[in-house]
Amino acid sequence: MLPLAVFGVLAIYFAVGLTRDPKIIPSALIDKPVPEFKLPPIVGGRGDGFGAADLRGDVSVVNVFASWCVPCRAEHPLINELADMKVARVYGLNYKDQPADANRWLAQLGDNYTAVGADVDGRAGFHWGVYGVPETFIVDKAGRIRMKHVGPITRDDLREKFLPLIKELAK
Amino acid sequence: MTLALITLVIGNPAPAHAVNPDEMLADPLLELRAREISKGLRCLVCQNQSIDDSDADLAKDLRVVVRERLTAGDSDSEIIDYVVARYGDFVLLKPPFKGATLVLWLGPALIGAAGLAAIALFFRRRRGAVTPVGVTPLSDDERARLNKLLEDGEGTNGDRT
């Protein structure tokens with residue numbers, strides 16, 4: 001009886017422990033207000049950039065991306081799709097990028113962002129707890145961070161993780 | 001003298017650090033504090049290196065932040081809290097002792113104690129139990145009959161020899 005119980009405990013332990021991705025670090029900012037920041041637009045790009053003040057009043061998605069990031073390229077069509085649905089404002093946080101590269105990348109892959117801010121030195125990213133790209137945050141109407149997604153968004157993520165939460169927060 | 005020199009050279013190898021000269025602070029005391037703080041902060045990209053050791057871009061950013069806060073006059077614990085507020089406890093190479101980390105800190109001791117208890121129980125049972133498993137001990141009646149038989153048998157045996 002005892003060996004069986006020990007086996008059961010170990011089985012549960014490994015079932016949980018081995019299926020979790022150690023590369024994904026939970027955000028310390030969940031349910032916290034967005035950090036104070038203000039980003040200028042990409043040099044030579046459109047718009048006025050964005051900052052913490054823009055992330056209040058409506059549900060927002062903040063997508064951290066860079067032209068040098070390959071997975072960003074993979075998820076970008078879905079980001080464009082999400083922005084097209086008009087269920088949330090979708091901001092692009094251009095992380096540690098060269099303006100010319102970023103502008104070319106957006107021209108090539110499409111730019112449906114509500115606005116894009118250039119975080120050239122990564123300082124805004126630091127305040128957001130960014131440790132890699134892509135990362136995507138969902139911010140509620142009160143300007144609180146409600147969810148952080150690490151890595152590229154897949155269609156399943158969009159359907160099962162993003163849209164339900166956005167819908168709930170939009171109520 | 002030679003021996004002292006050898007021990008100094010061999011026993012004190014300068015570890016390879018990732019801190020670039022241009023990141024260093026002019027004030028050696030502040031720089032020393034920066035190094036100490038950096039040794040306790042995890043590089044989130046490489047995970048098992050401190051930002052003092054790591055060459056990753058993010059580690060460099062964090063080193064610069066630590067030095068900026070030091071120059072601004074923050075205390076060591078204020079700087080650590082500043083980084084933890086953004087990256088969580090995971091950024092600390094030595095996790096804090098608190099509710100969420102109780103299992104982490106006490107788990108090994110508890111498992112060790114459980115193991116010792118199991119060993120103690122095993123030996124106590126073995127000493128206490130003379131009857132092997134699966135054998136029913138003799139009842140009082142049977143024991144009395146056995147004793148009688150033995151006594152009788154001894155007598156007969158003695159007669160034969």
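These notebook entries record what I looked up in the structure.

I noted that the model is predicted, that local features need pLDDT of at least 70, that side-chain atom pairs count only at pLDDT 80 or more, and that totals for chains, interfaces and linings use all residues. Residues are numbered from 1 along each chain as its sequence is written, while chains are lettered from A and ligands numbered from 1 in the order in which they are written.

**Chain A, elements.** I found five helices and seven strands in chain A; these are DSSP runs numbered from the N terminus, helices being H or I of at least four residues and strands E of at least two. From the N terminus, I read the order α-β-β-β-α-β-α-β-α-β-β-α.

**Chain A, sheet.** I traced an open sheet of five strands with mixed pairing, in the order β5-β4-β3-β6-β7; strands pair if DSSP finds at least two bridges between them. At the edges I found β5 (115-119) and β7 (145-150) of chain A, each pairing on one side only. I then looked up β3 (residues 60-65) and β4 (residues 89-95) of chain A, which pair in the parallel sense over six bridges. V61(A) has V90(A) in β4(A) as its bridge partner.

**Chain A, burial.** I recorded that 39% of the 171 residues in chain A are buried, that is, with 20 or more other C-beta atoms within 10 Å of their own, C-beta atoms being placed from the backbone.

**Contact of the chains.** I listed nine residues from chain A and ten from chain B in the contact; residues are in contact if their C-beta atoms, placed from the backbone, lie within 7 Å. On the chain B side, α3 (57-71) and α4 (76-87) each supply at least two residues.

Definitions and conventions
Two residues are in contact if their C-beta atoms, placed from the backbone, lie within 7 Å. A residue is buried if 20 or more other C-beta atoms lie within 10 Å of its own, exposed if 12 or fewer, and partly exposed in between; C-beta atoms are placed from the backbone.
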